[in-house]
Amino acid sequence: MVEVTVTPQSSLADRPVQIRVRGLSPSQLVTLRAWLKDEKGDCFQSRAFFRADAAGEVDPGVHAALGGNYSGVWPMGLFWFLQPDSPFRRLVKRDVAGSPFRVRLEVLDGLSLGTEPKEELLASCEAERWYVGPGVQRVPIREGRVRGALFLPP
C-alpha cells in the first residue's frame, strides 16, 4: 500500500517539512503533485517526477526530481514552485492569522503532465502552512500615510 506523509503536518510557511513516499515498487516512476486553492479560489500547483529507490521510497530531500516544475534535489521544491493554473495570478495570503493554506500532496502513477490528472492516484495527504504562529497578536498600524501591521509574539 502506497503512503505519502509530510512531517510536520502543520507548520509555519517558512519552516521546512519532510515529504516521504513509501510502498512503491523499486524503480517505479511516479509524479508528486502539490496543489492548493487560494482565498479567491484560484488553483496553484506544482509537480515533479521521481524514480523510487530500491526500497520503493521517494524522499525529495534525498532523491533528485527527474523533471516537472523543477529538477534536482529540492526538499521544498513542491512548495516553492507552485504555479497558477490561470495566467497572471499571484499566490497571496490575505488572512495571515485566521487560517492556513492547505496544500494537498498527491502521488500519481507514472508521469502526469495535465492540470487535471487522469492517471491513477496512489496516495494523498494534506499539509497546513500557517503564516502566523500560535499566540501572535496582529496590531494594525495607521499613522498618516503609513499602513501596516505589527505582529507581537506571545
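Predicted model: local features only at pLDDT ≥ 70, side-chain atom pairs only at ≥ 80, totals over all residues.
## The overall picture

Let's start with the whole protein. There is 1 helix here, along with 11 strands. Read from the N terminus, the elements go β-β-β-β-β-β-α-β-β-β-β-β. Taken along the principal axes, the C-alpha atoms fill a box of roughly 60 × 35 × 25 Å. The chain has 154 residues, and 37% of them are buried.

What does a buried residue look like here? Take I19, which belongs to strand β3. Its relative accessibility is 3%, so I19 counts as buried. Q9 is 10 residues away from I19 along the chain, and the C-alpha atoms of the two are separated by 9.7 Å.

First, some background. Most residues other than glycine have a negative phi, and most peptide bonds are trans. With that in mind, a few places in this chain are worth a look.

T7 and P8 are joined by a cis peptide bond, with omega at about -5°. P8 is found in the loop between β1 (3-7) and β2 (10-12).

Then there are residues with a positive phi. S27 is not a glycine, yet its phi is about 65°. You'll find S27 in the loop between β3 (18-22) and β4 (29-37). Is S27 buried, partly exposed or exposed? At a relative accessible area of 42%, S27 is partly exposed. F88, from the opening question, also has a positive phi of about 65° without being a glycine. Its relative accessibility is 84%, and the cut-off for exposed is over 50%, so F88 counts as exposed.

## Salt bridges

Side chains of opposite charge can pair when their charged atoms come close. How many salt bridges does the structure hold? The count is 8.

One of them pairs R22 with E57, whose closest N and O atoms are 4.0 Å apart. R22 belongs to strand β3, whereas E57 is in the loop between β5 (43-51) and β6 (67-68), so this pair ties together parts that lie 35 residues apart in sequence. R22 is partly exposed, at a relative accessible area of 31%, and E57 counts as partly exposed as well, at 25% relative accessibility.

Another links E126 to R102, with 3.8 Å between the closest N and O atoms. Since E126 lies in strand β9 (residues 121-130) and R102 in strand β8, the pair ties together parts 24 residues apart in sequence. E126 counts as partly exposed at 31% relative accessibility, and so does R102 at 42%.

R102 also forms a salt bridge with E128, where the closest N and O atoms are 3.5 Å apart. E128 is in strand β9 and R102 in strand β8, so here the parts tied together are 26 residues apart in sequence. E128 is buried, with a relative accessible area of 16%. Through salt bridges that share partners, R102, E126 and E128 are joined into one network.

## The largest pocket

How much space lies in the largest pocket? About 170 Å³. The residues lining this pocket are D38, E39, K40, D42, R89, R90, V92 and R94. Sorted by class, that lining has 7 charged residues, 1 nonpolar residue and no polar ones.

## A nonpolar patch on the surface

Which residues form a nonpolar patch on the surface? They are I141, V146, L150 and L152, and together they have about 300 Å² of accessible area. Strand β11 (residues 146-152) gives the most to this patch, with 3 residues.

L150 is in strand β11. With a relative accessible area of 39%, L150 is partly exposed.

How values were computed:
Residues numbered from 1 in each chain as written. Heavy atoms only, no water. Helix = DSSP H or I, 4+ residues; strand = E, 2+ residues; numbered from the N terminus. Buried < 20%, exposed > 50% of the residue type's maximum accessible area, 1.4 Å probe, protein only. 1 Å grid on protein atoms, 1.4 Å probe; cavity = no way out; pocket = protein on both sides within 12 Å on 5 of 7 lines; lining within 4 Å. Points joined across faces, edges and corners; volume = space filled by probe spheres on them. Nonpolar A, V, L, I, M, F, W, Y, C, P; charged D, E, K, R; others polar. Patch = residues over 30% accessible without salt bridge, like charges linked within 9 Å, V, L, I, M, F, W, Y side chains within 5 Å. Areas by Shrake-Rupley, 256 points an atom, 1.4 Å probe, with all protein chains shown as cover. Salt bridge = Lys/Arg side-chain N within 4 Å of Asp/Glu carboxyl O.
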